[in-house]
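Please open the model in your viewer with the cartoon and the sequence panel side by side. The tour below moves from one selection to the next and says what is found at each stop.

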Amino acid sequence: MFRATFYSINASRRAHLTLALTVLVLYATLTSAQSGLQAPTFYRDVLPILQHHCQRCHRQGEIAPMPLVDYQQAHRWAPVMREMVRLRRMPPWFADPNIGKFSDDPSLTDSEIATIVSWGDAKAPAGDPKDAPPPPRWTSGWNIPPPDCVVEMRKPVVIPAHGDVDYTYEIVPTRFDEDKWVQMSEVRPYSRAHVHHAVVYIRPPGSNWLRGAPTGVPFTASSLHDEKLRHEAHSTDSDMLLVYAPGSSPDQWPDGLAKFVPAHSDLVFQMHYTTNGKPDHDRTSVGLVFAKQPPKQRVLTLQLANDHDPIPIPPGAENYRVEVHGTLPNDATLLSFFPHMHLRGKRFEYDLVYPDRRVETLLRVNYDFYFQLSYRLAEPRPLKAGTELRAVAWYDNSRKNLHNPDPNRPVTWGDQTYNEMMVGFFDVAVPANVDKWHFFVRPDKTSDGRNESW
Ligand code: HEC
């Protein structure tokens, strides 16, 4: 009773406040639009925001459909920009704001949003070009600094106009004659419209994975004659250099952290292409920036995955839930997450499960198939061996899901985007001399070994 009263007083006070504020804002907008003095200008106020939060994607050759670099471009888009930032649809970011802090969160502050909104309301004035901040120094064609080395698929993959394309592999020798520490890497799809994902694996010279498969030419598992090789294509414990999907950002580790590529390794590109009515070809490449000094810690990419669930997602199901558990075999520091699902993907979360079954959620993503982002912890999280990690995915196979190609069909697990998939990639830091195989040697032989899916 007491509480209810308390809240109602509060609510009515808030209503008055909001009204007062609205009047103030209206007044401010009107006066600024009339006098032209107060309104934000493009060069002084808007351009710095675009440089920091938008041009990574909105510049020539990048993923967004139009550049937002000069005044003409921004002026034309001002009303749409106003709406997109007001609704927080741009820049794209899907983490639940109440859970965790992420260093790569590009979201605008309230005052940055207010700047773009009132600039739009004031008919997008240019202002004085002398107020412009210096243009950012983008590397042409890359979002990382100029790569020390670019490894490109040797032979193009021919992509048909229609139909499914099986996962396509290409093994590319690095020809590194010494060990390399990779501090930054970026996948550049050649045919952006067709590349649904790329996983670049590191195959050290001692690895037997896909030995016998051809090098420097694209192949699919079904094109291999050997049954053992066909099976191997789909299941590997090789370390990953990088995973790419549209919208994802490059890997850029701070000093002291890097991925290890042993001398004479091959990079194995696993490419998933989708067709769109137009034939094309693709030669994806990966750019590498080497660490200036050997790092203290090595980054490993692990996964919590369920891609063999025998149960299909029923037609119309709005909130179909799948979960996967794993225990860390050794101490490691958790760095970042990259959830991957297909068109029915709705929500994805990563949790720590304590021995008393208490659950701490580290990240919850309102999944968008067209923006598969990575989420980097603002404060990396040291975890002890034996820590239980859980990934939970929810799927929407109803017609409420605007991306759903067919709400009347049960959805089985599989590679194609009309099938479903659940992979919770995550990066950890371990001591520099520990590789993935050593990391999985469990000091405690009594552990339950639920690590098949890493
Ligand atoms: C991670 C890449 C990325 C970033 C960062 C980004 N955008 Fe976008 N933006 C896109 C893509 C891709 C599209 C096209 C998406 C679509 O059509 O759904 C888009 C579309 C838009 C549109 C057009 C929407 C329409 O209806 O046609 C506007 C306006 C826009 N972005 C503004 C911005 C602004 C302003 C920022 C920065 C505050 C920003 N974007 C940051 C990738 C990005």
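Two strands are taken to pair if DSSP finds at least two bridges between them, while helices (H or I, at least four residues) and strands (E, at least two) are DSSP runs, numbered from the N terminus. The model is a predicted one, in which local features need pLDDT of at least 70 and side-chain atom pairs count only at pLDDT 80 or more, whereas totals for chains, interfaces and linings use all residues. Residues are numbered from 1 along each chain as its sequence is written.

Begin with the open sheet of 4 strands, whose order is 14-19-16-17 and whose pairing is antiparallel. Its edges are strand 14 (320–327) and strand 17 (359–366), each of which pairs on one side only. From one strand to the next the twist averages 15°, an angle between axes that are lines fitted to C-alpha atoms (for helices over the stretch in contact) and that runs from 0 to 180 degrees between N-to-C directions.

Strand 3 (residues 168–173) and strand 10 (residues 266–273) run antiparallel to each other over 6 bridges, and Pro173 finds its bridge partner in Asp266 of strand 10.

For the helices, select helix 2 (residues 42–53) and helix 4 (residues 110–121), whose axes come within 10 Å and cross at roughly 125°. Helix 2 is therefore oblique to helix 4, given that angles under 35 degrees count as roughly parallel, over 145 as roughly antiparallel, 65 to 115 as roughly perpendicular and the rest as oblique. Show the side chains of Asp45, Val46 and Ile49 on helix 2 and of Glu112, Thr115, Ile116 and Trp119 on helix 4, which make the contact (C-beta atoms, placed from the backbone, within 7 Å).

Finish at the ligand, where 19 residues lie around it and Cys54, Cys57, Ala64, Met90 and Pro91 come nearest; a residue counts as near if its C-beta atom, placed from the backbone, lies within 6 Å. Helix 3 (residues 71–86) supplies the largest share of this shell, 5 residues.

Notes. Contact = placed C-beta atoms within 7 Å.
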